[in-house]
Amino acid sequence: MKLADIKQIGVVGSGTMGFGIAINFAIAGYPTVMSDISDEILEQSMKNIKSALALFIEYEIITQKQADDAVTRITPTTDVNDVASNSDFITEAIFDRSKDKREMFNLLDESSPPHTIIASNTSSLVLSDFGSDVKRQDKIVLTHYFAPPHIVPGVEVGMGPGTSDETFDIVYDLMKKIKRVPIRLYTEESGYLINRLQNVVFKEAARLWAQGMASAEDIELGIISTFGFRMPHEGPFKHYDLAGIWKWPEDIRFPPPDPTNEVDKKIREHLKERKTWFVDPEKFDEAVEKRDREYIRRYKDLYLSKED
């Protein structure tokens, strides 16, 4: 199977995530069948789709014609078999309940053509659990979007134990084709990558709030105005580079390791080599200036308001 063989899209579940996922495919030109359990839910989802597209028009992301064309490409249905029997690629976006996802994946597996790829938008469960009964193990995959999925560009693309490299590559390319930013994951773990990182921040923020270090308002303000401010330009590895931490003395660059922890040992060995992750050390000053220019533009737009 090739990317070009994907011509018809199915989305199971039209709620908070499902309708936005359908928008992505429809704008990209794919006929999309979207299912849910009642006509009332689907009617509201179509209203949500039209409202979302209206905002895209307002901000000149798409034209009125592109919005109208996208709506005509989306077919709502209460019959999940309409999705299964007619789709080359299906995204399951129902509630994160293992039992329900298992039943849905088994139904889609039984009712879909043999070539169809079945993806889950789960944010916390793993394919090896609810997808274990599926016969087409090579054609199940994770595509975890982030709310609102038609606006937030990042999508985690993850493998199950039996996912083939061909399926993984096709889905990666498909996400790029619909103008998403695919983030490749090679191992399974509940919560996957981004939610696990977010949860670490939330748990520590909640702990510090409960201890009385700062109010919820000041914690939010602190994050938004510091490392949150930097994040459009850099993640933790690039920040390590640009802050020059790799040049610091070893005793203050990282804490003493746990000699029994292999993961900790691997991290320390990498950092001990004084290597950067992304930035060329020979072009360090140039990279810092580029960063500062981006920061200044953002600072001006966000904080130097014309109305004081």
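Student: At what N to O distance do the side chains of Arg196 and Glu189 meet in a salt bridge?
Tutor: This is a predicted model, in which local features need pLDDT of at least 70, side-chain atom pairs count only at pLDDT 80 or more, and totals for chains, interfaces and linings use all residues. Residues are numbered from 1 along each chain as its sequence is written, and side-chain values use heavy atoms, with hydrogens and water left out. A salt bridge requires a side-chain nitrogen of Lys or Arg within 4 Å of a carboxyl oxygen of Asp or Glu. For Arg196 and Glu189 the N to O distance is 3.1 Å.

Student: Are Arg196 and Glu189 buried, partly exposed or exposed?
Tutor: Buried means under 20% relative accessible area, exposed over 50%, and partly exposed in between (1.4 Å probe, protein chains only). Arg196 has a relative accessible area of 39% and Glu189 has 42%. Arg196 is therefore partly exposed, and Glu189 is likewise partly exposed.

Student: Why are Asp69 and Lys65 separated by about one helical turn?
Tutor: Their side chains meet in a salt bridge at 2.8 Å, N to O. Lys65 is exposed at 57% relative accessibility, whereas Asp69 is partly exposed at 24%. Helices (H or I, at least four residues) and strands (E, at least two) are DSSP runs, numbered from the N terminus. The separation is about one helical turn because, within helix α3 (residues 64–73), the two lie four residues apart.

Student: How many residues apart in sequence are the parts that Arg136 and Asp109 tie together?
Tutor: The side chains of Arg136 and Asp109 meet in a salt bridge of 2.7 Å, N to O. Arg136 lies in the loop between α6 (127–130) and β6, and Asp109 in helix α5, so the parts tied together are separated in sequence by 27 residues.

Student: Is the Arg136 side of that pair buried or exposed, and what is the value for Asp109?
Tutor: Arg136 has a relative accessibility of 8% and counts as buried. Asp109 is also buried, with a relative accessible area of 9%.

Student: How many of the residues of β7 are buried?
Tutor: In a regular strand the side chains alternate between the two faces of the sheet. In β7, Gly154, Glu156 and Gly158 on one side and Val155, Val157 and Met159 on the other are all buried. The buried count for β7 is six of six.

Student: What are the relative accessibilities of Thr116 and Ile117?
Tutor: Thr116 lies in the loop between α5 (98–111) and β5, and Ile117 lies in strand β5 (residues 117–120). Contact means heavy atoms within 4.5 Å. Beyond four places in sequence, Thr116 touches residues including Ser87 and Arg136, while Ile117 touches, among others, Met1, Val141 and Ile170. Both count as buried, Thr116 at 0% and Ile117 at 1%.

Student: Which helix supplies the largest share of the nonpolar patch?
Tutor: Patches are made of residues with over 30% relative accessible area and no salt bridge, like charges being joined within 9 Å and nonpolar side chains (Val, Leu, Ile, Met, Phe, Trp, Tyr) within 5 Å. Areas come from the Shrake-Rupley method with a 1.4 Å probe; for residues, only the protein chains shown count as cover. Ile224, Tyr299, Leu302, Tyr303 and Leu304 make a nonpolar patch of about 520 Å². Three of its residues, the largest share, come from helix α14.
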